[in-house]
Amino acid sequence: MSVDEKAVRRAARLARLAVPEDRLAPLAAELSGILAWVEQLNELDTQNVEPMTSVRPMRLYRRADVVTDGFYAEDIVKNAPRSEDNFFVVPKVVE
Amino acid sequence: MSDLMKMTLAEAREGLRARRFSSAELAAASAAEIAKARPLNAFIVETPEIAAAMAAASDARLARGEGGALEGIPLGIKDLFCTKGIQTTAGSHILEGFKPVYESTVTQKLWDAGAVMMGKLNLDEFAMGSSNETSYFGPAVNPWRRGNDDAKLVPGGSSGGSAAAVAAELCFGATGTDTGGSIRQPAAVTCIAGIKPTYGRCSRWGIVAFASSLDQAGPMARTVKDCAILLREMAGFDPKDSTSVDLAVPDFEAACNAGVKGLRIGVPKEYRIDGVPAEIDALWEQGIAWLKEAGAEIVEVSLPHTKYALPAYYIVAPAEASSNLARYDGVKYGLRVENDDLTRMYEQTRAAGFGREVQRRILIGTYVLSAGYYDAYYLKAQKVRTLIAGDFKAAFEKCDALLTPASPSPAFGIGEKTNDPISMYLNDVYTVTVNLAGLPGIAVPAGISKDGLPLGLQLIGRAFDEETLFSAGSVLEKAAGFTGKPGRWWA
Amino acid sequence: MSESKMRGKLIEGVTGSWEVVIGLEVHAQVLSNAKLFSGASAAYGGAPNSHVSLVDAGMPGMLPVINEYCVEQAVRTGLGLNAQINKVSVFDRKNYFYPDLPQGYQISQFKQPIVGEGVVVVDLPGGESVEVGIERLHLEQDAGKSLHDQDPNATFVDLNRSGVALMEIVSRPDMRSSEEAAAYLKKLRAIVRYLGTCDGNMDEGSMRADVNVSVRRPGAALGTRCEIKNVNSMRFVAQAIEYEARRQIDVLEGGGSIHQETRLFDNKAGVTRPMRSKEEAHDYRYFPDPDLLPLEFDDAFIARIKATLPELPDAKKARFVSEYGLSPYDAGVLVAEREIAAYFEAAAKGRDAKAVANWVTGDLFAALNRDGKPIGESPVSADALGEMVGLIGDGTISGRIAKDVFVIMYETGERPAKIVEERGLRQVTDTGAISAAVDEVIASNPAKVEELAKKPKLIGWFVGEVMKKTQGKANPQAVNEALKAKLGHLLGE
């Protein structure tokens with residue numbers, strides 16, 4: 001699979017990474033190289049293989065429906081670059 | 001240098017219990033060594049004051065005849081573990097200044113056992129790397145050099161700071177994390193021991209996530225036994241981690257003395273890789289001989305899907321990382337590049353906050369998960385994992401553990417491999433299969449390269465059978481009789 | 001639902017008639033104490049970021065652990081929707097960036113939901129009913145809340161909702177009018193409220209709907225749909241559909257075409273408009289959340305939940321028809337809310353159930369609606385209403401007096417027997433007293449008596465006069481009989 005600049009731009013947009021125009025081509029080349037390399041997996045027939053989910057079969061652990069956490073809003077916003085009255089503050093969003 | 005820091009962790013533990021020295025003395029000696037060793041750039045944050053306070057508390061407990069299994073022992077913590085009130089960066093600019101209000105389960109268990117915190121150790125950014133060169137805080141440096149050549153070498157990665165600190169005797173042990181070899185490969189190239197336990201053995205809660213289905217914490221220390229002592233305290237079921245396993249934690253230390261008599265050690269033929277230096281193969285042969293001499297039976301086994309492990313890894317790990325790293329968006333913590341437009345704020349924050357390798361992996365991960373590609377890449381890779389796990393399962397019907405090299409080369413020079421991602425990725429060729437299958441693997445110092453650099457061997461075990469690794473690892477360690485230490489060029 | 005069968009109403013355009021096709025994605029908040037994957041409170045409200053754990057805030061290294069009760073609630077709801085329960089389901093990450101999505105992904109279920117296909121029978125106002133197919137129900141996390149009106153240049157983010165458990169219930173595009181969509185939503189709300197899995201409170205957002213609307217020529221293939229996000233009342237659902245269907249018809253008839261998009265309903269203006277934040281094509285990059293294992297349970301788990309299911313609206317309605325002899329319409333009205341059905345049954349116990357049904361759906365509903373009170377706050381208890389119907393039944397009071405008694409009961413909360421006694425409202429059945437009153441009326445109205453022979457209908461006037469004389473307390477039956485006995489000869493009897 002060869003990745004072109006358009007695909008890099010699209011992935012960068014999805015990943016919210018500002019990529020300068022002059023980096024698109026080198027990144028496309030790098031990504032193409034890596035993807036060409038991983039494509040050797042296509043040599044394997046995995047039609048009847050289940051994807052791996054856990055090392056040993058185990059039951060998903062469940063918590064009880066009890067309130068055991070929260071009520072520390074100051075701690076939640078403590079590291080925020082911008083906060084006000086315990087809200088996180090971000091640039092204006094238009095819906 | 002104070003001789004105190006030359007001890008193994010086990011020796012320090014005995015000395016503290018016998019009150020031959022205090023924890024305060026150990027912590028002070030450790031802090032002094034750390035300060036002297038700044039050229040190694042092993043620590044991102046040093047915490048001598050916290051260490052002094054913890055050591056004083058340990059001394060008080062020891063004086064009362066109390067104390068946990070690690071009471072008074074100075075340790076370093078990979079900066080991927082969240083530590084309450086202490087900057088936790090994952091080696092990234094994007095988390096610079098972040099002080100968690102919580103403590104990771106693994107580090108909390110260490111403190112509960114009495115260990116003393118010396119600081120936060122350097123690492124590849126978000127643990128993505130095999131040389132510690134992707135750290136925003138600059139590369140950590142291997143204490144080892146090629147003979148008289150003063151070129152700076154990498155300490156391996158991603159737990160490069162942990163490896164450098166332990167190898168340079170700055171602390172008695174360190175935490176590491178291992179997603180594709182990040183404990184074992186640096187351990188091997190710095191002449192220390194390190195174990196990646198079975199996936200689920202240690203809680204991941206509070207460890208900055210790289211690739212959730214592969215990440216596992218483990219100890220790094222100067223001896224196999226020291227690793228065993230540390231792992232016993234780090235491991236255990238955690239109801240806060242749905243992937244942690246509810247199994248009793250065995251006495252790993254006791255397993256170190258069990259020997260290998262009657263054990264069947266498998267040698268996977270697919271691990272003989274073209275282009276790997278002859279000295280790596282020679283060391284492997286030597287390891288086989290040592291285990292044989294100690295009474296193990298050697299059997300040749302086949303792990304036919306080995307060559308697909310790295311490609312599968314370089315789909316799964318970036319895919320999961322691309323999602324795990326989405327939370328670093330300038331809203332809740334860490335770096336924000338201000339902009340009136342929300343999307344630009346996101347894009348500029350993340351472009352400025354993440355380094356090149358991290359961005360590369362986020363892009364790959366985003367690409368392979370995007371519409372139309374999921375089945376071809378991520379699902380395919382997860383299926384290949386099943387095949388790789390199946391290889392091991394079949395092999396373990398014929399043997400009890402596998403012996404392989406730990407790293408395809410000794411430590412290389414800083415900057416030597418940074419231009420070609422795939423050649424860098426190949427450093428994990430021996431280790432990554434273990435992560436994909438979720439199995440435990442230990443790296444043990446075993447020899448010296450022609451340039452005078454350490455080389456390691458790896459043992460791979462059945463799921464949740466770390467004990468066999470400690471038994472066989474101890475035998476290798478003893479047989480190697482390794483006493484060499486790096487010259488203290490930094491002091 | 002057969003596509004060929006025409007239902008619902010057609011909308012007339014300039015170029016002919018159009019059929020509107022509607023599907024609903026309803027987000028119902030699971031009634032639980034704690035969130036889906038954390039121990040923080042799921043309660044509505046709270047100071048900003050107070051119902052937030054480290055997990056809900058997407059702190060580095062935090063991991064989800066599932067709330068077992070939320071799983072039970074989803075299964076319970078699935079059973080209530082007559083749906084397939086999937087013993088293995090998988091949580092996926094839905095990746096996108098938004099300030100109220102702290103992890104950068106929402107944990108949801110994409111390929112393998114916990115509940116599969118089901119069906120809901122929807123009662124329409126005309127008394128007919130239609131089936132609406134359920135495609136799936138899955139569990140997912142709610143997002144936080146973005147507040148846009150606190151500051152002209154900034155958005156404030158509160159994560160109290162972040163991580164609260166939601167059930168997304170996706171219907172088939174089986175509805176053909178805004179009335180059907182509203183009725184479906186109403187029925188769904190009734191079911192989850194019966195089950196106790198969601199409080200159905202649309203004002204607080206614990207139930208909200210995304211509405212998929214498309215139009216087509218009757219019998220033609222499905223048209224391109226638009227999704228209207230987060231419509232939060234039954235009325236708005238109907239309004240949004242009406243507006244959107246008309247908008248699409250106008251576009252198509254104007255020679256334009258509909259492109260698939262996400263729109264927002266502006267309930268003040270009564271219009272839908274494109275959502276700016278959703279303009280760009282999305283690619284959610286779903287993949288199984290590696291922090292969680294597949295969710296698995298066995299038949300015993302399902303059976304245990306099944307054993308606790310209450311009687312649901314459809315079954316209750318059928319029983320009300322067969323057991324109490326109610327009309328399907330009255331039964332439908334009474335079972336719409338579990339509390340109303342319970343009220344009715346308590347009042348009807350040992351009484352004339354049809355009469356009780358009439359009182360509940362008549363005078364009681366009228367009074368409660370007037371005061372905006374739910375049945376739980378009715379000043380007339382079920383027991384008291386039953387007692388009143390009993391008093392009518394045993395002849396203690398007349399139906400006419402009962403109307404007055406009911407008003408007094410509603411105002412004072414007093415028991416009907418007490419009211420009747422204290423205010424002397426007991427019906428006069430004493431034939432002597434009635435006979436005397438009849439005699440009096442006959443004696444004082446000779447002209448009317450004469451007229452009666454020509455105009456037999458005038459007997460009603462006599463009844464009224466006698467009732468007046470007895471302050472309405474006379475048993476009308478007895479009055480009739482007495483009048484007939486005395487004046488029957490004039491009526492040709």
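In this predicted model, B:Ser158 sits in the loop that runs between strand S3 (116–121) and helix H5 (160–167) of chain B. The peptide bond between B:Gly157 and B:Ser158 is cis, with omega at about 10°.

With chain A, the contact involves 51 residues of chain A and 71 residues of chain B. The size of an interface is often given as the accessible area lost when the parts come together. For chain A and chain B the buried area is about 5,100 Å², and carbon and sulfur atoms give 70% of that area. The interface of chain A and chain B also has 17 residue pairs in polar contact, both residues being at pLDDT 80 or more. On the side of chain A that touches chain B, the elements giving two or more residues are helix H1 (5–14), helix H2 (21–38) and S3 of chain A. H2(A) supplies the largest share of that side, with nine residues. By residue class, the side of chain A that touches chain B has 32 nonpolar, six polar and 13 charged residues. Salt bridges between chain A and chain B number three. In a salt bridge between A:Arg13 and B:Glu347, the closest N and O atoms are 3.4 Å apart.

Chain B also meets chain C. Here 29 residues of chain C contact 38 residues of chain B, and the buried area is about 2,700 Å², with 60% from carbon and sulfur atoms. The rule finds two salt bridges across the interface of chain C and chain B. C:Lys111 and B:Asp375 are joined by a salt bridge between their side chains, with an N to O distance of 3.7 Å. Residue pairs in polar contact between chain C and chain B, both at pLDDT 80 or more, come to 14. Strand S5 (92–95) and strand S16 (287–288) of chain C are the elements that give two or more residues to the side of chain C that touches chain B. The residues of this side of chain C divide into 19 nonpolar, five polar and five charged.

Chains A and C are linked by a sheet. Its four strands stand in the order S2(A)-S3(A)-S10(C)-S9(C), and the sheet is open with antiparallel pairing. Strand S2 (83–84) of chain A and strand S9 (145–151) of chain C are at the edges; each has a single partner strand, so one side of each lacks a neighbour in the sheet. Strands of a sheet pair through backbone hydrogen bonds, either parallel or antiparallel. Where the chains meet, strand S3 (residues 87–91) of chain A and strand S10 (residues 154–158) of chain C run antiparallel and are joined by four bridges. Within this pairing, A:Pro91 stands opposite C:Ala154 in S10(C).

The remaining topic is the division of chain C itself. Chain C is assigned domain 1 (11–305), domain 2 (313–422) and domain 3 (431–490). Nine residues from domain 1 of chain C and eleven residues from domain 2 of chain C take part in the contact between those two domains. The centres of domain 1 and domain 2 of chain C, taken over C-alpha atoms, are 36 Å apart. Between domain 1 and domain 2 of chain C about 850 Å² is buried, and carbon and sulfur atoms give 47% of this area. Five salt bridges are found across the interface of these two domains of chain C. The side chains of C:Asp314 and C:Lys187 form a salt bridge at 2.5 Å, N to O. On the side of domain 1 of chain C that touches domain 2 of chain C, strand S7 (118–123) and helix H2 (178–195) of chain C give two or more residues. H2(C) gives the most to that side, with six residues. The residues on that side of domain 1 of chain C are five nonpolar, no polar and four charged.

Conventions:
Residues are numbered from 1 along each chain as its sequence is written. Chains are lettered from A and ligands numbered from 1 in the order in which they are written. Side-chain values use heavy atoms; hydrogens and water are left out. Domain bounds come from an automatic or database domain assignment. Contact means heavy atoms within 4.5 Å. Buried area is the accessible area (1.4 Å probe) that two parts lose on being put together, summed over both. A salt bridge is a side-chain nitrogen of Lys or Arg within 4 Å of a carboxyl oxygen of Asp or Glu. Ala, Val, Leu, Ile, Met, Phe, Trp, Tyr, Cys and Pro count as nonpolar, Asp, Glu, Lys and Arg as charged, and the others, Gly among them, as polar. A polar contact is a pair of N or O atoms within 3.5 Å; within protein, one must be able to donate a hydrogen and the other to accept it, and residues adjacent in sequence count only if both atoms are side-chain atoms. Two strands pair if DSSP finds at least two bridges between them.
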